[in-house]
Amino acid sequence: MIELCCRNVDAKIIGHENGLELEKEFAAYKDTIASIIASLNQRKDKPGQWLQWMNLGYNEETIWYVKEYASMVKDRFENILVLGIGGSALGGVALSEALLKPYWNLLSDEQREGLPKIFFLDNIDPDTMSGLLDILDLKKTLVNVITKSGSTAEIMSQFMIVKDRLEKELGDNYRYNVVATTDKRTGILRQIAEQEGYKTFVVPDDVGGRFSVFSAVGLLPLALVGIEIDPIVKGIKDMDLALKNTDINENIAAQNALIHYLLDVKKGKNLSVMMPYSSRLKYVSDWYVQLWAESLGKNKDIDGNDVNIGPTPIKALGVTDQHSQIQLYNEGPNNKVINFIRVKEFDNTLEIPNIFEYTGLNYLGGKTINQLLNAEADSTRVALADYQRPTVTITLPKVDGYNVAQLLYMFEVQTAIAGELYGINTFNQPGVEQAKNYTYALMGRAGYEDSARVLQEKMGSV
Ligand code: PA5
């Protein structure tokens with residue numbers, strides 16, 4: 001199981017001005033946390049609560065269909081092209097980067113054991129899109145278009161370009177190169193999929209984009225490139241079981257949620273840095289940034305009062321960003337909590353050869369890169385504590401499906417608990433919808449004429 005160490009948040013280590021009296025705080029919030037956890041678990045099956053993500057690890061039917069479909073098509077395609085944005089893409093990117101062999105798309109067919117390459121088109125830059133479409137042989141590409149609403153402009157415009165090209169190359173048979181993941185009943189993509197006869201998977205009801213990684217949204221792309229789904233499912237279930245514990249002293253998601261909340265409201269530390277010491281976990285930070293930002297950044301609380309709250313998430317990578325951001329984190333404003341992610345055992349051990357006699361280098365010879373990486377994580381954490389900066393450390397035994405699934409599920413529960421502590425609606429995103437609606441208006445979508453007029457006026461005055 002993954003572990004959380006919150007020692008370097010404690011006032012005993014980093015002083016009273018910046019740290020928390022953890023034992024006291026955990027005791028003071030014991031009942032509040034217990035009732036939040038109990039309430040999340042009681043509400044999770046109720047429609048409209050947006051808590052169905054808590055059940056995804058148990059959705060055996062979807063898991064079976066994902067694996068079955070992946071095994072049916074696995075020899076037919078050289079590439080998987082995922083079209084999605086935000087919650088439709090970030091989970092798949094994070095998990096595939098963590099779980100595939102590094103540099104997967106550069107490996108030979110033999111090294112990939114005949115499994116497809118995978119590409120996520122999660123933006124609409126005309127240059128990078130054209131670049132990717134230039135190198136993909138669409139005839140040998142399975143396109144997984146993912147959108148819950150079925151109408152997000154970025155995804156649907158990507159799809160319109162790709163579908164047009166596929167159809168020109170393959171005629172009617174193009175439909176066998178498309179698999180759509182979308183809402184069960186509603187949305188334009190659902191209508192198109194039914195008319196055109198695409199294979200479809202469902203974004204379940206009451207699962208928001210940023211909480212959808214363990215639905216077909218995230219699992220299907222992984223299964224299509226041969227990543228084993230069963231260890232992921234076991235990781236979710238084991239963590240779910242652990243996080244059902246209502247005792248804050250035993251529940252790491254509750255601990256980290258409370259720490260972040262208290263450091264924000266009591267100590268003014270409202271920046272949350274996610275810093276894995278593992279390149280394979282680099283995109284977990286991107287996924288976390290969306291989860292934390294969209295879930296907790298809200299202008300109203302649940303009673304409708306203006307609050308404008310939310311901690312700002314920041315991504316960093318150890319050790320790379322020690323040479324970029326750490327100067328600021330050590331000596332700049334003391335307004336952050338830094339989440340270290342540390343890996344105990346890497347798949348590879350890379351020894352540094354003892355080839356130089358220089359005193360400034362010979363201490364490295366005979367050690368491993370693994371030792372150096374973790375020594376840097378430890379020393380940076382201690383240095384931050386010297387500067388009275390709070391850090392928490394999450395330790396993964398290994399970077400594998402079981403542990404990475406635990407990590408992501410832990411962050412989801414942590415986010416839900418933090419949302420309850422802040423007293424906001426964790427699961428809506430009116431700020432995203434607003435910009436989406438303005439885009440529809442600007443691009444001339446029917447029904448958005450009034451918004452277009454208002455927008456033109458506002459833009460004119462900028
Ligand atoms: O988390 C979210 O809700 C968003 O990031 C959405 O996933 C993103 O906007 C894409 O929306 P949709 O899946 O409806 O196309």
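Let's start with a term: a polar contact is a pair of N or O atoms within 3.5 Å; inside the protein, one atom must be able to donate a hydrogen and the other to accept it, and residues adjacent in sequence count only if both atoms are side-chain atoms. For Q290, the distance from a polar side-chain atom to a ligand oxygen is 2.5 Å, and for S149 it is 2.8 Å. On its own the ligand exposes 380 Å², and the protein buries 91% of that (areas use the Shrake-Rupley method with a 1.4 Å probe).

A quick note before we go on: this is a predicted model, where local features need pLDDT of at least 70 and side-chain atom pairs count only at pLDDT 80 or more, while totals for chains, interfaces and linings use all residues. Numbering runs from 1 along each chain as its sequence is written, and side-chain values use heavy atoms, leaving out hydrogens and water.

Who else is around the ligand? In total, 15 residues surround the ligand, with T147, K148, S149, T152 and Q290 the closest (being near takes a heavy atom within 4 Å). Sorted by class, this shell has two nonpolar, nine polar and four charged residues, with Gly counted as polar.

Now for the rings. There are 14 aromatic pairs in the structure, meaning rings of Phe, Tyr or Trp (its six-membered ring) with centres within 6.5 Å; planes under 30 degrees apart are stacked, over 60 edge-to-face, and the rest tilted. Take Y174 and Y198: their pair is edge-to-face, 5.9 Å centre to centre, with 85 degrees between the planes. The pair links distant parts of the chain, 24 residues apart.

Finally, look at the backbone. G318 and V319 are joined by a cis peptide bond, with omega about 0 degrees. E113, which isn't a glycine, has a positive phi near 50 degrees.

Note on methods: Helices (H or I, at least four residues) and strands (E, at least two) are DSSP runs, numbered from the N terminus.
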